[in-house]
Every structure is written in C-alpha cells, then in structure tokens.
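Trainee: I would like to go through this model by asking about single positions before the whole chain. Shall we begin?

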Amino acid sequence: MKNGDMPAAPMVNEHCCPHHHSSVLVQQGQVIGLTKRELFAAMAMQGIRATMPYGRASYADVAHGAVAQADALLAALERVA
C-alpha cells in the first residue's frame, strides 16, 4: 500500500494493531478513516480557499489544485524517507 493510501489516523488496539469494529476489515488489513492523501488535499483546499478572493476559481479548479499539492507533498516525503 502506498504511503498516500495509508490511513491518516488509524484506530489501533492495545497491541498497536489496526482495529475496527468489523473483523473482516481487520483481516484484510483495512481501517476506516481518511487516507493521508485525502487529509492533505482537504487541508490544502482549506488554505487555498481561505487565501483566495471569492469567485476567482471554480470549485473544480481548487479541488484539482489541492490534490496536486497533496500529491506533491507525498512525493517530497517519499524522497526524504
């Protein structure tokens, strides 16, 4: 699983293993919540909208820009690691 697809804030049990109320999801190694990519994109979109004069760009343009920023951050993190 790529870093961007990992959960941003996974739930873990007392053994620091992914935890979910559904044992099927745990057996498949999946947990609920936003992925890192989704969280980074949401945060970027917040920043873009907070600093952009209203009506300067379409919501779709802002969303695409936010996803591009999230992908750039994840790529930079991969280069550092």
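Trainee: Where is the place of Thr35?

Mentor: The model is predicted. In it, α1 covers 23-27 and α2 covers 36-51. Thr35 sits in the loop between α1 and α2.

Trainee: Is Thr35 buried or exposed?

Mentor: The cut-off for buried is under 20% relative accessible area. Thr35 has a relative accessible area of 18%, so Thr35 is buried.

Trainee: Which residues is Thr35 in contact with, leaving aside its neighbours within four places in sequence?

Mentor: A contact requires heavy atoms within 4.5 Å. With neighbours within four places in sequence set aside, the contacts of Thr35 are Gly4, Asp5, Met6, Pro7 and Ala8.

Trainee: How many helices and strands does the protein chain have?

Mentor: From the N terminus on, the elements run α-α-α. The count is three helices and zero strands.

Trainee: Which element has the lowest mean pLDDT, and which the highest?

Mentor: For the protein chain as a whole, the mean pLDDT is 79, and 69% of the residues reach 70 or more. Where pLDDT is low, predicted coordinates should not be read in detail. By element, the lowest mean, 48, belongs to α1, and the highest, 94, to α3.

Trainee: What does α2 reach from its first C-alpha to its last?

Mentor: α2 has 16 residues, and at 1.5 Å a residue the expected value is 22 Å. The model comes close to this, with a reach of 23 Å.

Trainee: Which residues of α2 are buried, and where do they fall when seen down the axis?

Mentor: The buried residues of α2 are Phe40, Ala41, Ala44 and Ile48. Down the axis of α2 they fall within an arc of 100 degrees, so they line one face of the helix. An α-helix has 3.6 residues a turn, so residues three or four places apart point the same way. The answer is therefore Phe40, Ala41, Ala44 and Ile48, within an arc of 100 degrees.

Trainee: What do the buried residues of α2 pack against, and which exposed residues does the face turned away carry?

Mentor: The buried residues of α2 pack against α3 (59-80). The face turned away from the buried side carries the exposed residues Gln46 and Ala50.

Trainee: What is the relative accessibility of Arg37, and what is that of Asp71?

Mentor: Partly exposed lies between the buried cut-off, under 20%, and the exposed cut-off, over 50%. Arg37 counts as partly exposed, and Asp71 also counts as partly exposed. The values are 35% for Arg37 and 32% for Asp71.

Trainee: How many Å apart in space are Ala68 and Phe40?

Mentor: Ala68 is in helix α3 and counts as partly exposed at 46% relative accessibility. Ala68 and Phe40 are 28 residues apart in sequence, and their C-alpha to C-alpha distance is 10.0 Å.

Trainee: Which residues does Met52 touch, not counting those up to four places away in sequence?

Mentor: Met52 is in the loop between α2 and α3 and counts as partly exposed, at 24% relative accessibility. Between Met52 and Val62 the C-alpha to C-alpha distance is 9.8 Å. Not counting residues up to four places away in sequence, Met52 touches Ala57 and Val62.

Terms used. Residues numbered from 1 in each chain as written. Predicted model: local features only at pLDDT ≥ 70, side-chain atom pairs only at ≥ 80, totals over all residues. Heavy atoms only, no water. Helix = DSSP H or I, 4+ residues; strand = E, 2+ residues; numbered from the N terminus. Buried < 20%, exposed > 50% of the residue type's maximum accessible area, 1.4 Å probe, protein only. Expected span 1.5 Å × (residues − 1). Arc of directions from axis to C-beta. pLDDT = per-residue confidence, 0-100.
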